[in-house]
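Please consult the sequence and the structure below while reading.

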Amino acid sequence: MPVDDFKHRGRRKMLVDTLRMKGIEDENVLEAINRIPRHLFMDSAFVEFAYRDEAFPIAAGQTISHPYTVAFQTQLLHIQRDEKVLEIGTGSGFQTAVLVAMGAEVFTIERQKELFDFSKVILRKINFEPRYQTYGDGYKGLPSFAPFDKIIVTAGAPEIPTELLKQLTIGGVMVIPVGEKSQKMITIIRLKEDSFEKYEFGDFQFVPMLEHRNK
Ligand code: SAH
């Protein structure tokens, strides 16, 4: 088990208090964040900053999302134990670990090989492995494992990918940041086969959701 000492745990507790102050109310989300050693998901140059509520660079020109953003998106998903959750944009794997900690059955896709490899190793090391992890194009979803109770996209999509809507259960929820330069957080609920309800939340800043996997 990699190092997670009392200092890390103390700083993590303070981060959780900050998230609560910023308006995160779902105790299950806060408890999950309190359990995940975020410093192990970051480049060694940034480990000192792991428990600030900030985004930092990871490999392949991508970023590990702000803890607040992870908490906000996860809160919107209303995760229940054993739900099937599809995540697009594994990145560092931190959001994946939070979903696993909440008892979800997680399927996750990443288009950057380097990040796919990195996140696979760390998630196994700390024992927060998703049910299925793949290197591929999230625009396609995972039709062979669909439908999903919840879908979370962690990259900014220019528009809502219709293929992903098809992979939601009836009653299922997708949380996705939509927009080019900056994004609105959108929640979509599938009410019936062809009927969707959409809600819009605040502005966020994500790296772009790009098509095809990067070789
Ligand atoms: N939740 C991650 C966020 C990483 S940033 C974290 O906190 O670490 C978003 C990630 O989405 C990047 O790693 C990027 O490579 C990935 N991504 C972008 N477009 C994608 C696509 N079409 N399919 C899969 N992953 C994608």
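A residue is called exposed when its relative accessible area is over 50% and buried when that area is under 20%, with values in between counted as partly exposed. The model described here is predicted. By the cut-off for exposure, Asn127 is exposed, because its relative accessible area is 64%. In contrast, 10 of the 11 residues of helix H3 are buried. The ligand sits in the largest pocket.

**Ligand site**

- Thr154 places a polar side-chain atom 3.5 Å from a nitrogen atom of the ligand.
- On its own the ligand has 580 Å² of accessible area, and the protein covers 99% of this area.
- Strand S2 (63–64) and strand S4 (105–110) are the elements that give two or more residues to the shell around the ligand.
- The shell has 25 residues, of which Ser65, Ser92, Glu110, Gly138 and Leu210 come nearest to the ligand.
- By residue class, the shell divides into 12 polar, 10 nonpolar and 3 charged residues.

- Helix H3 spans residues 67–77 and is largely enclosed by the rest of the structure, because 10 of its 11 residues are buried.
- The buried residues of H3 are Pro67, Thr69, Val70, Ala71, Phe72, Gln73, Thr74, Gln75, Leu76 and Leu77.
- Asp82 lies in the loop between H3 and strand S3 (84–88).
- The phi of Asp82 is near 70°, a positive value in a residue other than glycine.
- Asp82 counts as exposed, because its relative accessibility is 60%.

**Loops on either side of strand S5**

- Asn127 is located in the loop between helix H5 (113–125) and S5.
- Asn127, although not a glycine, has a positive phi near 70°.
- The peptide bond that joins Ala146 and Pro147 is cis, with omega about 0°.
- Pro147 is found in the loop that runs between strand S5 (132–135) and strand S6 (148–153).

How values were computed
Residues are numbered from 1 along each chain as its sequence is written. This is a predicted model: local features need pLDDT of at least 70, side-chain atom pairs count only at pLDDT 80 or more; totals for chains, interfaces and linings use all residues. Side-chain values use heavy atoms; hydrogens and water are left out. A residue is near a molecule or strand if one of its heavy atoms lies within 4 Å of it. A polar contact is a pair of N or O atoms within 3.5 Å; within protein, one must be able to donate a hydrogen and the other to accept it, and residues adjacent in sequence count only if both atoms are side-chain atoms. Accessible areas come from the Shrake-Rupley method with a 1.4 Å probe; for residues, only the protein chains shown count as cover. On a 1 Å grid over the protein atoms alone, a cavity is a set of points where a 1.4 Å probe fits but cannot get out, and a pocket is an open set with protein on both sides within 12 Å along at least five of seven lines; lining residues have an atom within 4 Å of a point. A molecule sits in a cavity or pocket if more than half of its atoms lie within 2 Å of its grid points. Helices (H or I, at least four residues) and strands (E, at least two) are DSSP runs, numbered from the N terminus. Ala, Val, Leu, Ile, Met, Phe, Trp, Tyr, Cys and Pro count as nonpolar, Asp, Glu, Lys and Arg as charged, and the others, Gly among them, as polar. Buried means under 20% relative accessible area, exposed over 50%, partly exposed in between (1.4 Å probe, protein chains only).
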